[in-house]
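Hi there,

Here is the structure I promised to pass on to you.

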Amino acid sequence: MPQSPFEGRIAAPAKVNLALHVVGRRDDGYHSLESLVVFAAGVADALSIGIAEADDLLVEGRFAQGVPTDGRNIVRKALLLARAEAACIGMTIPPLAIRLTKNLPHAAGIGGGSADAAALLRFLCADRPDLRKRLASGASRLGADVPMCLAGTPTLAHGVGDVLTPVAMSHMPAMVLVNPGRPVETPAIFKALRNRDNAPLPPLPAAGLSDPDVLFDWLDRARNDLQETAISIEPTIREACRTLNAHGARLARMSGSGATVFGLFDSGTAAGQCADTVRAARPDWWVAVS
Ligand code: C5P
C-alpha cells in the first residue's frame, strides 16, 4: 500500500557555525550576524510522523528531559505555521502525531529546536514547491536559526541569520562535537557581549570552500565572536576547545552561542580516535562524530 505523504521519518541534523561574526545591533534588539553554517551528517534528532485523530507530540531520547510537549514546543509551532501556509494555497495538512527523539543536547548552540522545526517543515513541503517557498519566507517567524536549518546545506548567513547564500563545499572535514553538559541561554550571551561591531567575515574565495586547505586557511581568519563571552559565563567551553586541540583537532571552536564545541580533523580515523579518548576521559560530556 502506498504510504501517505504525511507519514515518515526525517532527521534533524545538528547545525554547526564554523564561523560567526557579530557585525552590528539592530533596533529590534537582535544582532546582525555573518556566519558560515554547515550540518553534521549523522548527528541528529529524529522525527517520526504519522496521521492521527488530533495533533500530538511525544518527546523521548537522551535529551528529552525538560523539553515541553505542549504549544511552547517549536515543533508544534512549526506544524501550525505549515498548516496555515498550506491553507493559503488550498492544501490541507491533516492532524499529525509526531515522535521526536532528542539525541542532541538543547540550549547547546547546534540548532536544537530550530533543527527539529526545520526538519518538520522540510518533510511537509517535500515535492510541494509552492509550500516550500512560503515556508522558506515564513520560517524566521519561528526563530532566527530556522531558515538556515531549513536550507540544510552549507550556507553563508547574514541579517539575523535569515538571509542565506549557498556555499560550495563538496568536502567537509571529519568533525567531533563535544558538549560539556551545561546549557547556555542564547539571550544571556548576546546581552553580555561587549563588542557588537566586529569586522565582517573574510571574503569567500571565488571557488568556494571545497578544498580543505582553502577552508582551513579561511577559517583561521574567521572567529566566533560569541566565544569569549560564552567562556566568561561557562568556562568549560575553553576546556572543551583545549581538549579537542590536545587530541589532534586542526581547529577547535564553539558553535553558535555554545556550549557545544566542534573540532575539525584531517581524517575520519583521527576524529574517531579523538572521540574515543575524550569519551573515556570525560564520560559526563556528550561526544559525537560526523
Ligand atoms: O530567534 P531566536 O528565538 O532563536 O533567538 C534567541 C535569542 O537570541 C533572541 O531572543 C536574541 O536575544 C538572540 N539573538 C540575537 N540576534 C540574532 C539571533 C538571536 O540577538 N541574530
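**Where the ligand sits**

The ligand lies between domain 1 (8–166) and domain 2 (174–289), because both domains give residues to the shell around it. Please keep in mind that this is a predicted model.

The residues surrounding the ligand are Tyr-30, His-31, Leu-33, Gly-143, Ala-144, Asp-145, Val-160, Gly-161, Thr-186, Pro-187 and Phe-190. H5 gives the most, with three residues. Sorted by class, the shell holds six nonpolar, four polar and one charged residues.

**Helix packing**

I also looked at how helix H3 (residues 129–138) packs against helix H2 (residues 113–125): their axes come within 8 Å and cross at roughly 155°. H2 and H3 are therefore roughly antiparallel to each other. On the H2 side, Leu-121, Leu-124 and Cys-125 take part, and they meet Leu-131, Arg-132 and Leu-135 of H3. That contact has five nonpolar residues, no polar ones and one charged.

H3 packs with helix H1 (residues 74–88) as well, at an angle of about 135° and with the axes 10 Å apart. This angle makes H1 oblique to H3, and the crossing of the two is right-handed. H1 brings Leu-81, Ala-82, Glu-85, Ala-86 and Cys-88 to the contact, while H3 brings Leu-131, Arg-134, Leu-135 and Gly-138. By class, the contact of H1 with H3 comprises six nonpolar, one polar and two charged residues.

Enjoy exploring it!

Best wishes

Technical notes
Residues numbered from 1 in each chain as written. Predicted model: local features only at pLDDT ≥ 70, side-chain atom pairs only at ≥ 80, totals over all residues. Near = placed C-beta within 6 Å. Helix = DSSP H or I, 4+ residues; strand = E, 2+ residues; numbered from the N terminus. Nonpolar A, V, L, I, M, F, W, Y, C, P; charged D, E, K, R; others polar. Domains from an automatic or database assignment. Axes fitted to C-alpha atoms, helices over the stretch in contact; angles between N-to-C directions. Parallel < 35°, antiparallel > 145°, perpendicular 65-115°, else oblique. Contact = placed C-beta atoms within 7 Å. Left-handed = near helix turned anticlockwise from the far one by under 90°.
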